[in-house]
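Q: Before we look at particular features, could you show me how to read strands, pockets and cavities in a model such as this one?

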Amino acid sequence: MSPRDSHDPAHLDVLDDLLARARSAGADAADAVFVDSTSVSHAQRLGNVEQLERSEEQDLGLRVFVGKRQACVSSSDLSATALDELAERALAMARNVPEDPYCGLASPDQLATDWPSLDSCDPQEPDADTLIARARACEEAARAVDGITNSEGAEAGWSRARISLAATNGFRGGYAVSAHSVGCAVLAGEGTGMERDYAFHRAVYGADLEDPTAVGARAGQNTVRRLNPRRAKTGRYPVIFHPRVGNGLLGSLAGAISGPAVARGTSFLKDKMGEQIFAPGLNVVEDPHVHRGLKSAPFDAEGLARTRNAVIQDGVLTTWFLSLSSARQLGLAPTGHASRGTSAPPGPSPSNMWLEPGQIDVDALFADIDEGFYVTEMMGMGVNQVTGDYSRGAAGFWIERGQIAYPVAEVTVAGNLKEMFRNITPASDLEFRYGIDVPHLRVDGMTLAGE
């Protein structure tokens, strides 16, 4: 592993000590995680500094097993007395909870023994002046756009986390991740005719962060375009999703193929393994080992290897996202998707995930639409993971004869994810910006509720 990805070896020593204390207190097995995080954030509005904060935290989580019972506890106190108390508290809790037939550590032959360097941590911490300059440049560029009348402020930040994991099954490992960010939100118009929009960017390395001036200019331009919106016509129309909102469709897919939801029968895709759920030719990829990826990790939170997955291959669903517990419940092999904090058991979640781009450019995606809706912002969380019903508030632009005609607000976009997935047409403009990414997406036959 590269020094840039490295954790602090002393943290593993702390975990080894804690695990020994847990075994001495009566645990049959245990695992522990150490998270050492640092963050710096700056916010300003109208050129005035409103916040400049630095925080440093160390958090320790212990999970113990007594037979088929488990309990999780956490602490930020690393003293010997506190570690003894932590182990004893965890054991007392475990002895008094119901049995879970699916809990337990991985067997040694399931553990990752080697993992790649992902270059997931920038060794250079930006100083306060750098963050202030990033936020100032972003806000000034946004306010310089003709029509901008006020600002909600700009923010710039940096964070780094070192994660270490150890368990009584023999696993020991750690890695570090970092993130730089900049963004702002501004307003255009006056009185009741004001509109708001935003732009931001996030990257593992400061050198890969988008120019703050470009981010700010985009925020200003996005906002001015939204002035004088109208209501959309109620009916069924083609809808085009901007990538910053279209990635929510992949987020819904990830939730629907999460092992616990499938095992409980609360997913609308619970019986769709091996079936065509996207159009033929479409592929969704999930890869935890992307170099400098926003969601990259060398191994999962149970010490299992992580691998690249073709989640959707030629439109067919090929996998669930499984932790050890959900895999046992379904009678399947784990997929290395476990993630966890310090105070709860692991559960599955995706890493870097994207829909591969299509063959047509964005203009061609619009070209044959006589009337339709281009969504650039969504509100609310109206997705029913049991049925797939989808209904969310939205704003964006009306499309007429293949062109953007005017801004639109106060629209409800509705459909069912089963049908929406089958009707997705992707453009060719995929960019990796969010960790879950899509190009522009067109979905025909959606219901709009407007005027």
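Predicted model: local features only at pLDDT ≥ 70, side-chain atom pairs only at ≥ 80, totals over all residues.

Q: How many bridges join strand 1 to strand 2, and how do the two strands run?
A: Pairing is read from the bridges between strands, and here 17 bridges join strand 1, residues 29–45, to strand 2, residues 48–66, with the two running antiparallel. At one point of this pairing Arg45 stands opposite Asn48 in strand 2. The two strands form a hairpin with two residues between them, and Leu46, in the turn, has a positive phi of about 55°.

Q: Which strand does strand 2 pair with through seven bridges?
A: Strand 2 is joined by seven bridges to strand 3, residues 69–75, and this pairing is antiparallel as well. Val66 has Arg69 in strand 3 as its bridge partner, and in this hairpin, where two residues again lie between the strands, Gly67 takes a positive phi near 60°.

Q: In what order do the strands of the five-stranded open sheet lie, and what is the pairing?
A: A sheet is described by its strand order, which in this case is 10-9-8-13-18, with mixed pairing. Strand 10 (316–317) and strand 18 (436–437) stand at the edges with a single partner strand each, so one side of each is left without a neighbour in the sheet.

Q: What does UniProt list for residues 234–450?
A: The unreviewed UniProt entry lists these residues as "domain: Metalloprotease TldD/E C-terminal". In the model, residues 234–450 are 18% helix and 34% strand, and the end C-alpha atoms of this region are 5 Å apart.

Q: Which residues lie nearest the centre of the second largest pocket?
A: They are Arg218, His242, Pro243, Arg244 and Tyr434, out of 21 lining residues, and the space in this pocket is about 460 Å³. Strand 6 (195–203), helix 4 (212–225), helix 5 (243–256) and strand 14 (371–379) each give at least two residues to its lining, and strand 6 gives the largest share, four residues. The lining of the second largest pocket has eight nonpolar, five polar and eight charged residues.

Q: How many cavities of 30 Å³ or more are there, and which residues line the largest cavity?
A: A cavity, unlike a pocket, is a space from which the probe cannot get out, and the count comes to one of 30 Å³ or more. The largest cavity holds about 30 Å³ of space, and its lining is made up of Asp31, Leu105, Leu165, Ala167, Asn169, Phe171, Ala301, Glu302 and Gly303. By class, these are five nonpolar, two polar and two charged residues.

Key. Residues numbered from 1 in each chain as written. Heavy atoms only, no water. UniProt positions renumbered as here; feature names shortened; annotations may be inferred. 1 Å grid on protein atoms, 1.4 Å probe; cavity = no way out; pocket = protein on both sides within 12 Å on 5 of 7 lines; lining within 4 Å. Points joined across faces, edges and corners; volume = space filled by probe spheres on them. Nonpolar A, V, L, I, M, F, W, Y, C, P; charged D, E, K, R; others polar. Pairing = 2+ DSSP bridges.
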